[in-house]
Amino acid sequence: MTTLISGQTVAEHANRDSCWIIVHSKVYDVTEFLDEHPGGSKIILKYAGKDATEAYEPIHPPDAITTNLPIEKHIGAVDPNTIVKVVKEVTEADKRRQALMAARPPLDEILNLHDFEAVAKTILPDKAWAYYSSASDDEITIRENRAAYQRIWFRPRILRDVTHVDWSATILGQRSSLPVYISATALGKLGHPDGELNLTRAAGKHGVIQMIPTLASCSFDEIVDAAQPGQPLFLQLYVNRDREITKRYVQHAEKRGVKALFITVDAPQLGRREKDMRMKFVDDGAGAKVQEGQSDVKKDQGVARAISSFIDPSLSWKDIPWFRSVTNMPIILKGVATPEDAILALEAGVQGIVLSNHGGRQLDTSRSGLENLVDIVAALKQRGPWPNPNFSVFVDGGVRRASDVLKALALGASAVGIGRGFLYAFSSYGQDGVEKAIQILRDEFEMNMRLLGARNLGELVPEMVDASALHSHAGLTPNDNLYSSTYQPLRLAEFKNAKL
């Protein structure tokens, strides 16, 4: 029998020279990792010699420490009867958040996806909101992602029998109740204790496809285990410098039944997301999901940099044949922005592309995926056939309404990804919030398709929209009050009040 380690023994290793912690009833020696932790050593030392599970869990997949910490640092299992529990201090901020949670609007008063964002902005901790809402540099692109949809105008057809309208879709061979998939967003447990599982359960219940993020707070297997039998799932992939790790991950996903691989290609380095970065300066005790045991981790540039330092900047077109050799899943390149690269993707033999600027989080002043759609579809039409049954074109970024989706579909998109909208839904109301968001979209699809005169998605044609103003970035559209009320402007460096 394996000898259990007593809590008293663990407590003897409670300093910088010998630091043990307990996570999920197992003991780990993290002494050598203290100075590499992106949130600083302070947060780890707070739990030295104690059970750190409660602090660890919201911002790490369950298997992160076992996968990444060298095996010799795995000390063993702890005797559960001897664990010293850390008494959690209920701060004034905690009390305020609990009061705000109790005062949330009833779910039946949520009328659109903007409402979820407004609730999330109010109730989320500052670090979570900064990470979720932030975009790169001057945050021009994240605002453009919304504005682009408002420069397209409908041209509805009349006197069509729209008693029955059908907005179901087939996405990469998988049936979906919506022409929408849940796009990958990282660190779901920053917003809700169940993290990405809220999405999985709601998606399975309502026939929507979820894309599993590489940087989820829940482990890959935990998410797949929560899915219903036969529930289609996609996988978003950040490519690791160690290709063997990537190969194992991709092939494991395929064995578990994942239906498509979305390789992120617009992030050789993550953008400077200043809202997120400033969070590291105001609190040295900030935690972050990290690759434990890894050196050269940026400690002062926010959660995004800390969780992404494993990403390989050498990824290039020469790697596509390798990916095709290690998996039979359809391969989609996520982050395409030009007709030139769209054609290269087609010639490389992948099964599709996502026109995405990473939610405005990468290269600022990049054009919206919607604007790029027009040029890319024109280029693909010249290569024929169009629509191409073997090559899908998806769009994401800035989508908050079913009308946004319909505009993209009319201009040639195969389906549309929504990330933050669903993220804010579960951050505000858990799984019930995601289910409500899906129902809101259904109601909007029904109304908009009837008013547009489209009885099914096949009747959405380019002639139903006027996109002539799409390339006019100074278009005179009405102010988007719903979006503006939740958008938080960037701020400048601040003086420390205590020093004044």
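Two strands are said to pair if DSSP finds at least two bridges between them. The views below show a predicted model.

**Figure 1. Eight strands form a closed barrel.** The order around the barrel is E8-E9-E10-E11-E12-E13-E14-E15, and the pairing is parallel. From one strand to the next, the twist averages 30°. In general, strands of a sheet pair through backbone hydrogen bonds, either parallel or antiparallel.

**Figure 2. Strand E8 pairs with strand E15.** Residues 180-182 make up E8, and residues 415-418 make up E15. Three bridges join these two strands in the parallel sense. Ile-182 stands opposite Ile-418 of E15.

**Figure 3. Helix H6 packs against helix H18.** H6 covers residues 113-123, whereas H18 covers residues 420-452. Their axes lie 10 Å apart and meet at an angle of about 170°. Because angles over 145 degrees count as roughly antiparallel, H6 and H18 are described as roughly antiparallel to each other. Among the contact residues are Leu-113, Phe-116 and Ile-123 of H6, together with Tyr-424, Ala-437 and Leu-441 of H18. By class, eleven residues of this contact are nonpolar, four are polar and two are charged.

**Figure 4. Phe-422 belongs to the largest nonpolar core.** This core has 117 residues, of which Phe-262, Ile-353, Leu-373 and Phe-422 touch the most other members. H18 gives the most to the core, with 14 residues. Leaving aside residues up to four places away in sequence, Phe-422 touches Val-180, Ile-182, Leu-199, Val-434, Ala-437, Ile-438 and Leu-441. Another core, of 16 residues, lies apart from the largest one and includes Ile-21, Tyr-28, Tyr-47 and Ala-52.

Notes:
Residues are numbered from 1 along each chain as its sequence is written. This is a predicted model: local features need pLDDT of at least 70, side-chain atom pairs count only at pLDDT 80 or more; totals for chains, interfaces and linings use all residues. Side-chain values use heavy atoms; hydrogens and water are left out. Helices (H or I, at least four residues) and strands (E, at least two) are DSSP runs, numbered from the N terminus. Axes are lines fitted to C-alpha atoms, for helices over the stretch in contact, and angles run from 0 to 180 degrees between N-to-C directions. Angles under 35 degrees count as roughly parallel, over 145 as roughly antiparallel, 65 to 115 as roughly perpendicular and the rest as oblique. Contact means heavy atoms within 4.5 Å. Ala, Val, Leu, Ile, Met, Phe, Trp, Tyr, Cys and Pro count as nonpolar, Asp, Glu, Lys and Arg as charged, and the others, Gly among them, as polar. A nonpolar core is a set of buried Ala, Val, Leu, Ile, Met, Phe, Trp, Tyr and Cys residues joined through side-chain atoms within 4.5 Å. Buried means under 20% relative accessible area, exposed over 50%, partly exposed in between (1.4 Å probe, protein chains only).
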